[in-house]
Amino acid sequence: MAEAAVKETEDETQELTDGFSLVIDSMKLNGIDTIYGVPGIPITDLGRLAQAAGIRVLSFRHEQNAGYAAAIAGFLTKKPGVCLTVSAPGFLNGLTALAHATTNCFPMILISGSSEREIVDLQQGDYEEMDQLAIAKPLCKAAYRVLHAQDIGIGFARAIRAAVSGRPGGVYLDLPAKLFAQVVTADTGAKSLVKVIDAAPAQLPSPAAVKRALDVLKAAKRPLIILGKGAAYAQADEAIKALVEKSGVPFLPMSMAKGLLSDMHPQCAGAARSTVLKDSDVVMLIGARLNWLLSHGKGRTWGDAPKKFIQVDIEPREMDSNVEIAAPVVGDIGSCVAALLEGMGGNWQPAPTDWTGTVKAKRDENVAKMAPRFMNNKSPMDYHGALGALRTIIKERPDTILVNEGANTLDLARGAIDMYKPRKRLDVGTWGVMGVGLGSAIAAAVETDHAVLAVEGDSAFGFCGMEIETICRYKLPVCVVVFNNDGIYRGDGVNTGGGSDPATTAFVKGARYDMMAEAFGGVGVNVTTPDELRRAVNEALDSRKPTLINAVIDPAAGAESGRIGNLNPQSKLRKK
Ligand code: OXT
Ligand code: ADP
Ligand code: MG
């Protein structure tokens, strides 16, 4: 502690405060009202005191899931989601989620208690010793350590600004154990707090960039707008809708942007994906990167015809990351879209009807082709039969938040389940990471109070399944459906070595995941037909009781890696 502060606290007439209180005060002052974490040394009392001070503290069974909850809380609210962990192992468990938040551009703060600097730096073997700051740095957007109680306010201000300004991301805040017990006068403490003003300032695009983009768009014969999760995050829903409608351009939503404009919107090209990517001549990306999910903007997916890209993004370095961007529009999406709309003026010529007609015809054809598959009532169920039941439920209950992970369970649900409202679909994101499901479901319920339907592959569920206890403990309105096909991708794999071990992708056959909910006082249901599934999910959403449904899926129904089997390395020496 700084010398002046020690002297100050020796005056017994002074009112005092400590590191614990200053951490809590900093959060409350900046509107952080929820913490996701796991208690333990040295942050057990921090959790207790935060709860006593009116912050909602959700204790998880594993920090990674708490971290995924914080990440998605950031996506849903535009405020940093906070995850609180103990030192070394707890910190490392939370770090995967922090890296995931950074990769996905979600604002999050991972706060970890840490061991004493003096001992860590001399590597003398402290309890849970680790140089956490150094380890976190390359994996997040920013990392800070606070050593003095009177710097806690500044530490939080830096963390909050770093998380939400510019391209959002994950921030690590290292709080050594000793800090919490440091005492300063209440007056010094109060003066040290910082209320962050305008944490994510608007970033206006240059008028020249806006004009350039509109010139490119105006000249297009076959334009396309791609909406990414950055557009969903921006919460500029009405302006984006106005831009799309005024331009008349077909739009393709990326997975977590589904519902930003309804999938039923006449301009939605989600069901004509291949056609619009291949045949478009101008593509306007709004909050979407040209990464692997868009085949890096080149190659077969994009066809041979020359293409021009317009990209709206807050991160200037995103431009030209994979292909040339003819018209970069750098700024926050709300400001950029408003400027584009204004620049279009009153008599913008909408996209050519021969193109929009072609897209619509392809979309209608694909939708019609798929429709009968959703109607089947087979038992054991295939994916389409089961998803047919769920797509109707989301149509009838469009405010329900859909969480989705797995391989086939993910890829087929994305196409099958139409979304109607913004930020209602949460999934594996940029890394395709398994295990985000239950943390996301918990945060969605906590942050929005909407009912949540989590559609999980049985493998995906295994990464986070213990959080079913957390869902039951906090009585959250979450219905988890495990698509149980006995394994990863398929449950019918065989051990080609002929031994008695099961195949590497196979799980226990006929497992009853529903019984896990019963163990914790929740509702467990085993279903074998789409009708039973529909009934069980409707009951769960009506009752808002924690529910786990084991949906028995044909083990032979899935494909290796879902729709991304092409990414599996192929050696000509090992033909399958
Ligand atoms: O236009 P065309 O003709 O092409 O048609 C397209 C659309 O136009 C059309 N469409 C429609 N038709 C009709 N009606 C409607 N409404 C409609 N909508 C669309 O359908 C097609 C397809 O459209 P889509 O889906 O939009 O397009 P496409 O081509 O698929 O898009 C490409 C992508 C890349 C954008 C898309 O596929 C995508 O977003 N993919 C994400 C994939 C992903 O992230 N997968 C997860 C990772 S897989 C793997 O890594 C797994 N692991 C390893 C592992 C991981 N990931 N993490 C960790 C921590 N450890 C290990 C594991 C362990 S998955 C996995 C577990 C799997 O087992 P589970 O039991 O959990 O799950 P099951 O497989 O179910 O058993
Ligand atoms: P998707 O996976 O849906 O394609 P990505 O995660 O690849 O989406 O892209 C999101 C993009 O959105 C990132 O490049 C990020 O910089 C950008 N972004 C996030 N928030 C904003 C915002 N408020 N304004 C502008 N761009 C944003
Ligand atoms: Mg499976």
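This is a predicted model: local features need pLDDT of at least 70, side-chain atom pairs count only at pLDDT 80 or more; totals for chains, interfaces and linings use all residues.
Helix H18 gives the largest share, 6 residues. Domain 2 (207-361) and domain 3 (375-560) both contribute to the shell, so ligand 1 lies between them.

The shell around ligand 1 holds 35 residues. By class, 17 are nonpolar, 12 polar and 6 charged. Ser 274, Tyr 383, Thr 409, Asp 458 and Arg 563 come nearest to the ligand.

A polar side-chain atom of Ser 274 lies 2.3 Å from a ligand oxygen. For Tyr 383, a side-chain N or O atom is 2.7 Å from an oxygen atom of ligand 1. Gly 487 instead presents a backbone N or O atom, 3.0 Å from a ligand oxygen. Taken alone, ligand 1 exposes 1500 Å², and the protein buries 80% of that area.

The volume of the largest cavity is about 90 Å³. Its lining includes Gly 31, Ile 32, Asp 33, Thr 34 and Tyr 36. Lys 79, Pro 80, Gly 81 and Val 82 are also among the lining residues, as is Glu 447. Strand E2 (34-37), helix H4 (63-77) and strand E4 (81-85) each give two or more residues to this lining. By class, the lining of the largest cavity has 5 nonpolar, 4 polar and 3 charged residues.

How values were computed:
Residues are numbered from 1 along each chain as its sequence is written. Chains are lettered from A and ligands numbered from 1 in the order in which they are written. Side-chain values use heavy atoms; hydrogens and water are left out. A residue is near a molecule or strand if one of its heavy atoms lies within 4 Å of it. A polar contact is a pair of N or O atoms within 3.5 Å; within protein, one must be able to donate a hydrogen and the other to accept it, and residues adjacent in sequence count only if both atoms are side-chain atoms. Accessible areas come from the Shrake-Rupley method with a 1.4 Å probe; for residues, only the protein chains shown count as cover. Helices (H or I, at least four residues) and strands (E, at least two) are DSSP runs, numbered from the N terminus. Ala, Val, Leu, Ile, Met, Phe, Trp, Tyr, Cys and Pro count as nonpolar, Asp, Glu, Lys and Arg as charged, and the others, Gly among them, as polar. Domain bounds come from an automatic or database domain assignment. On a 1 Å grid over the protein atoms alone, a cavity is a set of points where a 1.4 Å probe fits but cannot get out, and a pocket is an open set with protein on both sides within 12 Å along at least five of seven lines; lining residues have an atom within 4 Å of a point. Grid points are joined across faces, edges and corners, and a volume is the space filled by probe spheres set on the points.
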